[in-house]
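Me: I am new to this one. Could you take me through it step by step?
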Amino acid sequence: MSNLATSAPLTTSDLKQKEKLVGENSREGGPSLTQMISFVLVLLASTPLIFGIAQRAVGVNIESNNLSLHSKDSHSICEWGDESCIMGKELFERHMTLSRITEDPGIINRPYLSVASAHAARQVQAWMEDAGMTSSINIVGNVVGRYEADPSTSNPRTIVLGSHFDSVNDAGKFDGVYGVLAAISVVKVLKHRGQRLPFTVEVAAFDDEEGNSSFGTTNTGAKAFMGEYLTKEAAEQLLEQYAGLEEAFRKHQINYGLDSKRSGIVQGLMKSAGTSLEDVAAFIELHIEQGPILEAEGRPIGIVDAINGQTRMQVRYFGESGHAGTVPMTMRKDALGASAEAVSEIERVGNSNDGLVATVGTLNIVHASSNVVPGEVMFTVDVRAPTDEVRIHAVDRIVEYLESVRIRRGLELQITKTHEAPAVPMNPEIRRALATAISEEGLEDSPDSVRILSSGAGHDAMIVGNKIPSAMLFLRCAGGISHNPAEWLSPPDATVGARVVLKYLENLKVA
Ligand SMILES: [Zn+2]
């Protein structure tokens, strides 16, 4: 990455400087901005920095002419003011553009703090600027764009829209990225209308939601946005906790021409929060459902009631191994027989309540052999539910049952809780406002008929929602498939999410 060393981050004041160069006679906020953006991008693309990143990151697609790829992809492809194009064709095509930015040619892979992620951050930033936002990239890799409130509003609050732009290894094109790109398209529509709202709109593109890196971190972007690293101690602790992270931040600082000494990294982390949290009235995350419910019910969009809490356990039954031919059935201490009963009961518990899920994902027979009665079995249990009450009750039922099997079969039992996270409920008022927007967009008969879903997977909203009123919208995705190259959000459904958020913002009165 040493060839990335010279450039400073692209700041709004740089852009303003460059705007002046483009021409004095162009109309404010008109097509000149498109010209300006492409000019800036050509300028950027011709620096060794961007050339270096693009050449390495875009892999297969870059060899012929990365300069035209970079500048072309940042152009607006829509006629001035064509809202259906901005939230339609352009929004969709930007997913395709971003999918070409990867560490590994042929598949999508944007690990945290990778060259591909730096390139993707620049691309997202260029689109934010194209949508009329001021923007910045901070040390943890977050890209934040700001579309200021109507200047007549005193002390305007902020609505944050966003999701993440990192990916799992061999990812699809929509997970996370959709929530970022749809939000940018919404702001771009406002810009084309010349419309300012009585609140500021921020678009937050978080890095490291997926935990795809060798550091062992996860949700670093959202945590930094929430100010978790604002104190010196917290920043130092972060660097101590994860091996390799300090070196990765050092490279990031060097790439952006910032202080790369440890003290500079700590300073950067302390300032990494994108916004003053007191100003933030709401956070909205658009995301593909990653499940099959909306598609099965023929609905394009639903509202999340909560991000499920989760308990993970490791269970071990200790019995007695013995000869499969000589130990009578009545005298066995079969750890697998016990586990089989347990697995069936865990499935029954999972079925016992709407929204509750319980899974045995791994099972290992220790020293397994076809002619030996299993003496020791280890398996994992993963329980998730939209409310902590339901989850804790389910876990209690499972533990009770495991114990009853142990007693009946005369075995030993060890249960280790390996992970526990509470449910994060989404804000009821924002949910209601989103339901109204969905019905006003003609997507459901009434706000009450909007489909409510729980999120079985973790999301940025899980971190943000701990402190800020948050809501999530799920979009139908083909077969419920995600974290997979086959992941698919249809172009019309991609438009639906953007339209709903735009309607929500139009309806919103924030004091
Ligand atoms: Zn995601």
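This is a predicted model: local features need pLDDT of at least 70, side-chain atom pairs count only at pLDDT 80 or more; totals for chains, interfaces and linings use all residues.

Me: Let us begin with strand 2. Is it mostly covered or uncovered?
Reply: Strand 2, residues 143-147, is mostly covered, with 5 of its 5 residues buried.

Me: Which residues lie on each side of strand 2?
Reply: Val143, Gly145 and Tyr147 lie on one side, and Val144 and Arg146 lie on the other. Both faces are covered. In general, side chains in a regular strand alternate between the two faces of the sheet.

Me: How many bridges join strand 1 to strand 2?
Reply: Strand 1 (residues 134-137) is joined to strand 2 by 4 bridges, and the two run antiparallel. Serine 135 has glycine 145 of strand 2 as its bridge partner. The hairpin formed by these strands has 5 residues between them, and glycine 141 there takes a positive phi near 100°.

Me: And what about strand 4?
Reply: Strand 4 (residues 200-206) also runs antiparallel to strand 2, with 5 bridges joining them. Here the bridge partner of glycine 145 is valine 203.

Me: Changing topic, how many residues has the largest nonpolar core?
Reply: That core has 126 residues, and Val186, Leu434 and Val501 have the most contacts inside it. Helix 7 (residues 177-193) supplies the largest share, 11 residues.

Me: Why does this core lie between domain 1 and domain 2?
Reply: Both domain 1 (84-305 + 426-507) and domain 2 (309-421) give residues to this core, so it lies between them.

Me: What is leucine 434 in contact with, leaving aside neighbours within four places in sequence?
Reply: Leucine 434 is then in contact with Ile303, Ala471, Leu473, Val500 and Tyr504.

Note on methods:
Residues are numbered from 1 along each chain as its sequence is written. A residue is buried if 20 or more other C-beta atoms lie within 10 Å of its own, exposed if 12 or fewer, and partly exposed in between; C-beta atoms are placed from the backbone. Two strands pair if DSSP finds at least two bridges between them. A nonpolar core is a set of buried Ala, Val, Leu, Ile, Met, Phe, Trp, Tyr and Cys residues joined through C-beta atoms within 7 Å. Domain bounds come from an automatic or database domain assignment. Two residues are in contact if their C-beta atoms, placed from the backbone, lie within 7 Å.
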